[in-house]
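Hello,

Below is the structure I said I would pass on. My notes on it follow.

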Amino acid sequence: MTLKLTLFAPTSEGVAQLTRQLPPAEESLGVSSAVGRPDELAAEIERSHPDLVVADLPALDDAGLRCMEVALNRSPATSVIVLSPERSPEYLLQLMRSGVREVVPTPLVNGELGAAYARQFDRLVARRNSARKGRVLAFLPAKGGSGSTFLSTNLAYALAARGRRVALIDLNLHFGDAALFLSEERPSVTIADLARDLSRVDPTFLESSMMAPLENLRVLAAPDTPEGAMDVTPAAVERIVSAARERFDFVLLDMSRLLDGAAVRALDQAEGVYLTLQLTLPFLHDARRLMSLLATLGYARDKLHVIVNRWEKGGELGSADVHKALGVAVDLEVPNSFSAVAHSINHGVPILKSAPRDPVSKALLELADRLAPQEAVRKRAWFGLSL
Ligand SMILES: Nc1ncnc2c1ncn2[C@@H]1O[C@H](COP(=O)(O)OP(=O)(O)O)[C@@H](O)[C@H]1O
Ligand SMILES: [Mg+2]
């Protein structure tokens, strides 16, 4: 299938320049070009839904950003690379929020545009080919304290306990604490160490650098200093997650709700995003905001799963309210069980081990079962189907 590439610049000379900066078009690429003002680009995106756009744009004002956001919302599968003379962090963030995936500052530095282009192109090709690789599941808290870390670490354990090879990567680059949930040991290597030595990162090296709380389970801990967090670039996150996919059946990402460049590179590889929240209005409110940001960034709704954590019977709000507010049905209710959860976390022992009969353990097993049906269960299903 052909990928559609659109080149856009204010003048036809600008378009010609873009063409010269990019690698020669391959057979699988249909290239079109357009010349004009930024709002004309937005219209072009809405009209032709290209897979990839490379656009040389002046600094956009609020109306321009809005226009881009609306267009990309209507064409969520379109990836946009913008060449921009304006590179203040605020502006870059605004562009990201409008759904632009990469910004390359102008005047161009040798190779930067080519690298961004290659990245997006590879991403699109990979999406088309969807090779058989580890399944990446991202856990995003609607707000801090929603239980994302507890659920992702314990689900990782549950999947490993049923024989799947599982990696848990802590992408809370500041204040990440996932390793503590699974082990009392202190990690000797963190994601920052790998990021500093990125050329060495391949699937084997990655696995050997991770903590091993269980035979089939590996954990990559978050940096333990703010400087460490700075070293974890978007490129490092992308490389580490893709190396993990080569090696593991499941790659679970414990994320923060800050969707920065690094988070986006990780989410790009995720087949499912698990949004965790509790049943109070502030959680619902922030869940909605996060969902609209995800939509703007082009993540399809059917990737999104909602987990209600600390669920209690007879609460003022229920899962039906969540469904109504978010437009997505709740995938799983995890009961509230304060002492069993606190005990598990305080001792670094997964709850399936410390309290296997607790309702929280049962909910985790249910999710593990859906994601990785046990052999016996699968066989029975086969019998049911055959004939
Ligand atoms: N199902 C639950 N029942 C009771 N307490 C829970 C449950 N899930 C999480 N918690 C509590 O919530 C706290 C925050 O969880 P955590 O996973 O760190 O949230 P997040 O990663 O979203 O910030 C934990 O310390 C734990 O005590
Ligand atoms: Mg957390």
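The centres of domain 1 and domain 2, taken over C-alpha atoms, are 32 Å apart. Please keep in mind that this is a predicted model. Domain 1 covers residues 3-129 and domain 2 covers residues 135-385.

On the contact between them: domain 1 contributes eight residues and domain 2 contributes six residues. Helix H3 (residues 62-74) supplies three residues, the largest share of the side of domain 1 that touches domain 2. Sorted by class, that side of domain 1 holds three nonpolar, two polar and three charged residues.

Next, the sheet. It is open and built from eight strands, with mixed pairing, in the order E8-E9-E7-E10-E6-E11-E12-E13. Strand E8 (211-214) and strand E13 (330-335) are the edge strands, each pairing on one side only. From one strand to the next, the twist averages 25°.

One of the pairings is between strand E6 (residues 135-141) and strand E10 (residues 250-254), which run in the parallel sense and share five bridges. Val136 has Val251 in E10 as its bridge partner.

- Helix H6 (residues 148-161) touches E6, strand E7 (166-170), E8, strand E9 (217-220), E10, strand E11 (272-277), strand E12 (304-311) and E13, and its direction makes about 165° with that of E10.
- Helix H11 (residues 234-247) touches E6, E7 and E10, and its direction makes about 170° with that of E7.

Regards

Terms used: Residues are numbered from 1 along each chain as its sequence is written. Chains are lettered from A and ligands numbered from 1 in the order in which they are written. This is a predicted model: local features need pLDDT of at least 70, side-chain atom pairs count only at pLDDT 80 or more; totals for chains, interfaces and linings use all residues. Two strands pair if DSSP finds at least two bridges between them. Helices (H or I, at least four residues) and strands (E, at least two) are DSSP runs, numbered from the N terminus. Axes are lines fitted to C-alpha atoms, for helices over the stretch in contact, and angles run from 0 to 180 degrees between N-to-C directions. Two residues are in contact if their C-beta atoms, placed from the backbone, lie within 7 Å. Domain bounds come from an automatic or database domain assignment. Ala, Val, Leu, Ile, Met, Phe, Trp, Tyr, Cys and Pro count as nonpolar, Asp, Glu, Lys and Arg as charged, and the others, Gly among them, as polar.
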